[in-house]
Amino acid sequence: MRKVSVKTSSKNSGMSVEHKELLAAARKIQKEFPLSNGSSAGSVGAALRTRGGKIYTGICIDVACGIGFCAEHSAVAEMLKARETEIVAVVAVNRKVILPPCGRCRELMFQINCKNASTQVLLSEGRVVKLRKLLPEHWIESKKQSSGN
């Protein structure tokens, strides 16, 4: 699961306390370690905060033939185990920078709860956008409009 990185500054002064806490949780969980046959886990860590205020974290799994998954998926799975679905904010990091969610992760967050279109996605320290901005011309919205719903 390769992601395009977004450079960040060394300071996070433009961030809210909640975003700083989320970023710290993602950085704490991100520590790469080897698996068998050249695979690894933990090179990316993610943290999300739910509407209920709980923070869930996850790490990526990078294995051969594309069967691994992103850190955001891991965090979402932890959240779902607690029967929560609404995400207020999310961030993913590697050892150097904040990473934007890939298309698969964006779609997953939206599909588990359409209210997640309003999720705050941290793209860099001090730069936050709503998930809907990262999903322009979304197919579900287009489908609703074409059916008149």
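Helices (H or I, at least four residues) and strands (E, at least two) are DSSP runs, numbered from the N terminus. The structure here is a predicted model, in which local features need pLDDT of at least 70 and side-chain atom pairs count only at pLDDT 80 or more, while totals for chains, interfaces and linings use all residues. Residues are numbered from 1 along each chain as its sequence is written, and side-chain values use heavy atoms, with hydrogens and water left out.

The protein chain averages 88, and 85% of its residues reach 70 or more. Residues 1-10 stay under 50, though the model still gives them 33 contacts beyond four places in sequence (a contact being heavy atoms within 4.5 Å). Where pLDDT is low, the predicted coordinates should not be read in detail.

Next up is helix α2, residues 71-81, whose buried residues are A71, E72, H73, S74, A75, V76 and M79. Buried means under 20% relative accessible area, exposed over 50%, and partly exposed in between, using a 1.4 Å probe on protein chains only. The cover over these buried residues includes β2 (40-50), β3 (55-62), β4 (87-93) and α3 (103-112). Just after α2, R83 takes a positive phi of about 65°.

Then there is N116, which sits in the loop between α3 and β6 (120-124). N116 is buried, at a relative accessible area of 0%. Setting aside neighbours within four places in sequence, N116 touches T85, E86, I87, M109, F110 and L131. With T85, the N116 side chain reaches the backbone oxygen at 3.0 Å.

Note on methods. Polar contact = N/O pair within 3.5 Å; in protein donor to acceptor, adjacent residues only side chain to side chain. pLDDT = per-residue confidence, 0-100.
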